[in-house]
Every structure is written in C-alpha cells, then in structure tokens.
Amino acid sequence: MNQSSAMNQSGTMNRCRNRFEGRRVLITGAGSGIGQATVHRILAEGGRVVAADIDEAGLAVTAGRAAADGAADRLVTAPLDISDEAAVRAGVAAAVSGLGGLDVLVNAAGILRSSHTHETSLDFFNKIIAVNLTGTFLMIREALPALLEGEAPVVVNFSSTSASFAHPYMSAYAASKGGIQSMTHAIASEYGKQGLRAVCVAPGSIASGMTSGRGPGLPEDADMSLFLKLAPAIGQGFAGPETVAGVIAMLASEDGAFITGTEIRIDGGTHM
C-alpha cells in the first residue's frame with residue numbers, strides 16, 4: 001500500500017470511529033444478540049446510548065462490556081417491555097430527557113416463535129404481533145416528536161428475510177415482520193419532508209440467541225429439509241450479530257443519508 005492509500009484508509013477509519021459523536025441513540029432489544037452488538041458498535045463510534053430491554057440480566061452484561069470498553073459514561077440501561085403502552089410512553093420520555101433529545105431510534109427488540117400454522121393459537125399469534133409489530137409502532141409513535149427535533153433523525157426497524165421469503169412454521173412471525181417493513185415505508189414517506197429517514201434491516205442466517213439450535217421453538221416434527229435453502233451462498237456459514245450492527249451503524253450515520261423507505265437484506269446471499 002502506498003503512502004497516499006494508507007493515509008486515505010486511515011482517514012476513512014477515523015471518520016467511521018467518530019460517526020456518532022454527539023448523536024443521541026435509543027436502542028431496544030439491547031440485552032442480547034443484534035441489539036446488544038449495536039449498542040457496542042454505536043458506543044465505539046462515539047454515540048451516547050440508552051439501551052432498553054425487558055431482560056435486566058442481559059442489560060447488565062451490556063453495561064459490563066461498555067465499562068470494560070471505557071464507554072460506561074455514555075451508556076444508560078433501562079428495563080422496558082415494548083408491548084406495554086404505558087411503559088413505552090414513560091421509557092421513551094425518560095430516555096429523551098436523559099439524552100437531552102433524540103437523533104436515532106433502533107427497534108431491535110423482538111421475539112421469534114414457531115409452530116404449525118394449523119396449531120397456532122390466537123394468544124400465540126397475538127403475542128408475537130404485540131411485541132414485534134405493535135411494540136415497534138409504540139416506540140416510533142412515542143419517539144417521533146423528539147426525533148423530528150433531532151439532528152438528521154433516523155429510525156432503523158427490524159424486518160426479516162421471512163417477511164419476503166417463505167420460512168415454514170413462522171407465519172405469525174413473518175406477518176409481524178412484513179407489517180414492520182410496510183410501516184417503515186409509510187413512515188419514511190410521511191415524515192421525509194421533515195428530515196426523518198426510516199429504514200429496515202432484514203437479517204437472515206445470523207447466529208444469535210433467537211436462532212441458535214432450536215431457538216425458534218420449531219415443532220418437534222418439523223421437516224428440516226425445508227430449511228436447506230437458508231445456507232448462505234458466500235460459504236462463510238452464519239454471520240454474527242456484529243455483522244448486522246455494522247450495517248445499522250452505516251444506515252443511521254451520515255453515510256446512509258440517501259437511504260430511506262427501504263430494507264437492506266443481510267443474509268449472505270441466502271435469498272438471491
């Protein structure tokens with residue numbers, strides 16, 4: 001590498017490290033998986049973060065890692081059930097107050113459950129919708145006033161490859177993620193003239209707590225041959241949560257300034 005190339009690469013890396021300096025970020029699902037990885041990525045790039053999750057033990061792990069990385073002073077953790085309207089209203093208000101405003105909302109919280117559709121109870125279906133779709137809506141609704149007063153505001157939602165491609169035993173989950181994807185388009189259109197960007201990530205073939213082993217709660221008699229198509233095409237196996245966190249950091253930073261109203265599929269080519 002010549003001296004000019006080395007200098008250019010160094011400058012790019014430095015800009016990447018500082019992309020979130022001064023930016024105020026609220027991240028749900030921050031106690032594990034992709035949400036937790038996103039917290040650490042945003043902190044590493046200089047952001048101030050409120051990390052929310054229903055799992056307080058997971059939040060303690062998130063806080064411990066931030067402390068080890070020397071970023072504890074830019075992180076606040078907050079227990080939050082995103083399916084509870086009153087809790088979301090209070091939690092978002094507290095986050096905005098603590099941060100002094102809000103620039104980025106990352107809705108990573110969600111649950112993945114599976115069942116034969118003909119055996120799916122209404123309670124089962126409604127629970128998935130309540131957390132994934134309604135919870136995302138509640139977070140956006142409560143955060144919008146602060147976001148619209150923020151600096152280059154961004155909402156990053158979590159769809160899934162299951163929203164656009166056939167994944168067996170996941171009809172309820174797929175419905176929730178498809179709804180999030182459509183809602184993201186609507187929000188991007190409605191608030192675009194006020195400077196807000198709204199985007200989705202659609203992870204697939206990502207190794208996280210929700211997908212490990214039989215994590216999705218697949219039926220005991222599930223036909224595993226139906227999942228053969230989920231092998232990544234680029235030969236690296238499943239990717240880690242930090243892979244998605246890197247894409248989220250790009251989308252929520254100035255590097256993603258011309259991206260809105262769409263979804264970015266992160267699946268190693270599984271569904272191409």
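Ile-42 is buried, at a relative accessible area of 1%, where buried stands for under 20% relative accessible area, exposed for over 50% and partly exposed for what lies in between (1.4 Å probe, protein chains only). The model is a predicted one, in which local features need pLDDT of at least 70 and side-chain atom pairs count only at pLDDT 80 or more, while totals for chains, interfaces and linings use all residues. Residues are numbered from 1 along each chain as its sequence is written, and side-chain values use heavy atoms, with hydrogens and water left out.

Ile-42 belongs to helix H2; helices (H or I, at least four residues) and strands (E, at least two) are DSSP runs numbered from the N terminus. Setting aside neighbours within four places in sequence, Ile-42 is in contact (heavy atoms within 4.5 Å) with Phe-20, Val-25, Ile-27, Gly-47, Val-49 and Ala-249. Val-25 lies 17 residues from Ile-42 along the chain, and the two C-alpha atoms are separated by 8.2 Å.

Helix H2 itself covers residues 33-44, twelve in number, and reaches 17 Å from its first C-alpha to its last. This is close to the expected 16 Å, the expected span being 1.5 Å times one less than the number of residues. Nine of the twelve residues are buried, so H2 is largely enclosed by the rest of the structure. Along with Ile-42, the buried residues are Ile-34, Gly-35, Gln-36, Ala-37, Thr-38, Val-39, His-40 and Leu-43. Just after H2, Gly-46 adopts a positive phi of about 95 degrees.

A helix partner comes next. H2 packs with helix H3 (residues 56-68) at an angle of about 25 degrees, the axes being 10 Å apart; axes are lines fitted to C-alpha atoms, for helices over the stretch in contact, and angles run from 0 to 180 degrees between N-to-C directions. H2 is therefore roughly parallel to H3, a label given to angles under 35 degrees. From H2, the contact draws on Gln-36, Val-39, His-40 and Leu-43, and from H3 on Gly-58, Val-61, Thr-62, Arg-65 and Ala-66. These residues divide into four nonpolar, four polar and one charged (Ala, Val, Leu, Ile, Met, Phe, Trp, Tyr, Cys and Pro count as nonpolar, Asp, Glu, Lys and Arg as charged, and the others, Gly among them, as polar).

Gln-36, also in H2, counts as buried at 17% relative accessibility. Beyond its neighbours within four places in sequence, Gln-36 is in contact with Gly-29, Ala-30, Gly-31, Gly-58, Val-61 and Thr-62.

Key:
Parallel < 35°, antiparallel > 145°, perpendicular 65-115°, else oblique.
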